[in-house]
Amino acid sequence: TACPPPAALATMRGQQVASLWQRASLRLCRPLQGPRRFASARAVGKPSSMLDLRSDTVTRPDAKMTMATMDAATGDDVMGEDPSVIALEKTAAEMLGKEAALFLPSGTMGNLCGVMSLASSSSGPTEVLVGDESHMFHYELGGLSTVAGLAMSAVPTSNDGTLALEALGKAVREEDVHHARTAVVCLENTHNRMGGRALGSAYMRDVGAFCRERGLLLHVDGARLFNAAAALGESAAALSADADTVSICLSKGLGAPVGSVLAGSLGTVALARRYRKMLGGGMRQAGVIAAPGLLALRENSTHEALRRDHRIASSLAAHLRTVDGVSVAHAVETNIVYADVSDAAGGADGLIAKLRHGGVLASAYGTHRVRFVTHRQVPDDAVDRVMKALEPLA
């Protein structure tokens, strides 16, 4: 559909513009065939009728977010002049209890800029401690090593998503000419591969004290930090109080179309801003994506909003446990459910094929594990639809 001329747009009411923008977005943003674990929804010019539980990144901007984009005040963010970005960064810093914050295109870049900034205080070859099941270790292309030149040491991850203090202690290098210096510890909250487990403030305080005693710095990959806060009944600021840097994702549970935020001290964030520019993340009139991010942060990060997603995930887990050949891999605390599927039930590929035939999308992790993720655009009847798709097995 051709875009109306500017004169016509100027006379249109806000809702008409939102409707036009939504139709255009759907044409431009059809899911493409991606990696095996994210099979395409095959949208054809309109919202798919499929129930999409592949990830909480699949949400589409609603009318309110679309209007936030249309109405965004903009300026050159590289020059520090975009009012929408400034407002987003200020709000995020306040909500996370930090001095400053930085808007970035992605969580991967946020983690990389954060750890690079912290590690810059270490002289010579430097090592970072990460969980062996962490997103930073598995899904961020080894950026800490390939881009930042930092060695990564993988620490065993406990079933609850924590890194045991004893394990961390064993991983810290002694001062020796043969060793890179350990400088940064990285945690993930909530923990994706451990089923969305939430790390509480008591544990975070213990790790913070551990780091301070040893002269280490702490980075938290908090892509779903607000899910953790909702599950635990704590504030995001309390969960990140002991972190030197913390990243949050705006486009997962909060439902924004794009973007992440890194928060920390004034000096650390100033350095991270330079690294963001070096990595190609300097954005000009970025207010058009910061504005829906700000809306998401203010309105969709509440405990009430996120606990709805958690309730649906918990109900889904309970129902999946009744399916022959299917078991739930982890305790379900937030919005992620991992199901292990036996050969008799068709393995991951077989289960995903049955789900897809019944109008449900999920993600395969290996040959026998399937992930379901609930989000703000999952309907109230989601569990019924999943179970109907699995009726041949139930």
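Predicted model: local features only at pLDDT ≥ 70, side-chain atom pairs only at ≥ 80, totals over all residues.
- About 250 Å³ of space lies in the second largest pocket.
- Its lining has 19 residues, and G107, T108, H135, A223 and K252 are the closest to the centre.
- Sorted by class, the lining of this pocket has 11 polar, 5 charged and 3 nonpolar residues.
- Helix α5 (107-119) and strand β7 (245-249) each give at least two residues to this lining.

**Helices α3 and α13**
- Helix α3 (residues 63-70) packs with helix α13 (residues 287-299) at an angle of about 140°, and their axes are 7 Å apart.
- The two helices are therefore oblique to each other.
- The crossing of α3 past α13 is right-handed.
- On the α3 side, K64, M65, A68 and T69 make the contact, and on the α13 side V288, A291, P292, L295, A296 and E299 do.
- This contact of α3 with α13 holds 7 nonpolar, 2 charged and 1 polar residues.

**Helices α10 and α14**
- Helix α10 (residues 225-232) meets helix α14 (residues 303-320) at an angle of about 90°, with 9 Å between their axes.
- That angle makes α10 roughly perpendicular to α14.
- F226, N227, A229, A230 and A231 of α10 touch H303, L306, R307 and H310 of α14.
- By class, the contact of α10 with α14 has 5 nonpolar, 3 polar and 1 charged residues.

Terms used
Residues numbered from 1 in each chain as written. Heavy atoms only, no water. Axes fitted to C-alpha atoms, helices over the stretch in contact; angles between N-to-C directions. Helix = DSSP H or I, 4+ residues; strand = E, 2+ residues; numbered from the N terminus. Parallel < 35°, antiparallel > 145°, perpendicular 65-115°, else oblique. Left-handed = near helix turned anticlockwise from the far one by under 90°. Contact = heavy atoms within 4.5 Å. Nonpolar A, V, L, I, M, F, W, Y, C, P; charged D, E, K, R; others polar. 1 Å grid on protein atoms, 1.4 Å probe; cavity = no way out; pocket = protein on both sides within 12 Å on 5 of 7 lines; lining within 4 Å. Points joined across faces, edges and corners; volume = space filled by probe spheres on them.
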